[in-house]
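This briefing covers a predicted model.

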Amino acid sequence: MQFSKRLSLFGDEIFAALNRRKVELEASGKRIYNLSVGTPDFETPAHIRQALIEAAEDPENWKYALRDLPELLQAVCGYYARRFGVQITPDEVMSVNGSQEGIGHIGLALCDEGDVVLLPDPGYPVFTAGSLLGGAKPYYYPLLEENGFLPDLSAIPRETAEAAKYMIVSFPSNPAGSVAGEAFYRELVDFAKKYDILIIHDNAYSDIIFDGKEGRSFFNVPGAREVGVEFFSLSKSFNVTGARISFLIGRTDVIQAVRLLRSQIDFGMFLPVQRAAIAALNGPREAVVRQCADYQARRDALCGGLRSIGWAVPDSKGSMFVWAKLPQGHQDSMVFCMQLMEKAGVICTPGASFGPHGEGYVRFALVLPPQEICEVVQAIRESGLL
Ligand SMILES: Cc1ncc(COP(=O)(O)O)c(C=O)c1O
């Protein structure tokens, strides 16, 4: 059978060998430290699990949801007001089954064949996939070390900016661990206004930001409401990655377009999951704050530990990732990952999988407690790769 040409957009053969070896090693019984996956190891708070369990007892809640519960939309609005000081109304909110799915469909709702979109390199892979599915033509803006892994808007050619339909921006950054401040966002809003570009801010790590900085919403920036939408995921803040809870928030014309598309293919978020989301949004935040401190302790153990053994890895500023330039003498991130896996039993992700500018780097996920991260550092030291 001749399958869709679309599938050729998603080849991942180069990673097959790495994945095969990972599975073999994990099955071998050898001590393996898997820092490649971005799935938190922290527990989902009890009140969120309880809300889902209680809702699941009611047979009515097993029917098609068909809509976002008014209490859910209200809970998002309340959360944005309390957490970010941003006033939004329910018509500016829609649920998506995770930001992954929402971004995966964004191009289908917003793009026509050949439309130019601006995406980060290195960047989270679904930014590309969701844009290509909509037929868009990505222009990749680089996140470079010399710019603190932030976009240099002035380097985007004028004709490209004039042609661009949307720009996806995401801080704290996966994979670069960089954080953008007020000055950058103000510049971004001006840029979006000047060239009439929709900004799609992917805010997956608003609660994992280090060294006393406060995670914010894109809508904290003056003028952002006119130019943008934000994906706001509960996955990492509340450790509900498997429940697939996220929201698209902001400009109602964009919300309506995405809602129209999704209404063709989806009957709404499972009602017990909606109840769990309400419990998360309206519930206590102590665990979220504590967890951020825990991530910072892990960051300190990994970045500090690696520096102490001679690998100059800067402190990640936010997200649950550390972005490490390959040690001296290594050039190929895929080869290095394979060697690290074989010699140290440490699994990380090749930077090349996040785009061409990711080559020369690897990404570690902070998914082990500090004690085990110290063991990781020790294993890397003993591997002889540095
Ligand atoms: C930048 C970024 N966006 C989106 C996601 C996916 O979030 P969700 O679980 O809401 O689909 C991730 C997950 O790792 C991410 O790193």
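- Leaving out residues up to four places away in sequence, Ala276 touches Ile48, Ala51, Leu52, Val240 and Ala243.

**Domains and their contact**

- The domain assignment divides the chain into domain 1 (5-43 + 287-383) and domain 2 (63-282).
- Between the C-alpha centres of domain 1 and domain 2 there are 25 Å.
- Domain 1 puts 27 residues into the contact, and domain 2 puts in 26 residues.
- On the side of domain 1 that touches domain 2, α11 (286-308) and β9 (321-325) each supply at least two residues.
- With 5 residues, α11 gives the most to that side of domain 1.
- By class, the residues of the side of domain 1 that touches domain 2 are 13 nonpolar, 10 polar and 4 charged.

**Three-stranded sheet**

- Strands in the order β9-β12-β11 form an open sheet of 3 strands with antiparallel pairing.
- The edges are held by β9 and β11 (349-350), each with a single partner strand, so one side of each has no neighbour in the sheet.
- The antiparallel strands β9 and β12 are joined by 5 bridges.
- Across that pair, Lys325 stands opposite Tyr361 in β12, and Val322 stands opposite Phe364 in β12.
- On the other pairing, β11 and β12 are antiparallel over 2 bridges, with Pro350 opposite Val362 in β12.
- Strand β12 is mostly covered, as 5 of its 5 residues are buried.
- In a regular strand, side chains alternate between the two faces of the sheet.
- Tyr361, Arg363 and Ala365 are on one side of β12 and Val362 and Phe364 on the other; all are buried, and both faces of β12 are covered.

**Leu366**

- Leu366 is placed in the loop between β12 (361-365) and α13 (370-383).
- Is Leu366 buried or exposed? Leu366 counts as buried because it has 27 C-beta neighbours inside 10 Å, where 20 or more are required.
- Apart from neighbours within four places in sequence, Leu366 is in contact with Tyr295, Arg298, Arg299, Leu302, Met320, Phe321 and Val322.
- Leu366 is 153 residues from Lys213 in sequence, and their C-alpha atoms are 19 Å apart in space.

**Ligand surroundings**

- The ligand is surrounded by 13 residues, of which the closest are Gly98, Gln100, Asn174, Ser233 and Ser235.
- Helix α4 (residues 98-110) gives the most to this shell, with 3 residues.
- The shell around the ligand consists of 2 nonpolar, 10 polar and 1 charged residues.

**Backbone geometry: cis peptide bonds**

- Asp121 and Pro122 are joined by a cis peptide bond, with omega about 5 degrees.
- Pro122 belongs to the loop between β3 (116-121) and α5 (126-133).
- A cis peptide bond also runs from Phe171 to Pro172, with omega near -5 degrees.
- The loop between β5 (164-169) and α7 (182-195) holds Pro172.

**Backbone geometry: positive phi**

- Arg244 is not a glycine, yet its phi is positive, at about 60 degrees.
- Arg244 is in the loop between β7 (228-233) and β8 (246-250).
- Arg244 is buried, since 20 other C-beta atoms lie within 10 Å.
- Ser319, although not a glycine, has a positive phi of about 75 degrees.
- The loop between α11 and β9 contains Ser319.
- Ser319 counts as buried because 29 other C-beta atoms are within 10 Å.

Conventions. Residues are numbered from 1 along each chain as its sequence is written. This is a predicted model: local features need pLDDT of at least 70, side-chain atom pairs count only at pLDDT 80 or more; totals for chains, interfaces and linings use all residues. Two residues are in contact if their C-beta atoms, placed from the backbone, lie within 7 Å. Helices (H or I, at least four residues) and strands (E, at least two) are DSSP runs, numbered from the N terminus. A residue is buried if 20 or more other C-beta atoms lie within 10 Å of its own, exposed if 12 or fewer, and partly exposed in between; C-beta atoms are placed from the backbone. A residue is near a molecule or strand if its C-beta atom, placed from the backbone, lies within 6 Å of it. Ala, Val, Leu, Ile, Met, Phe, Trp, Tyr, Cys and Pro count as nonpolar, Asp, Glu, Lys and Arg as charged, and the others, Gly among them, as polar. Domain bounds come from an automatic or database domain assignment. Two strands pair if DSSP finds at least two bridges between them.
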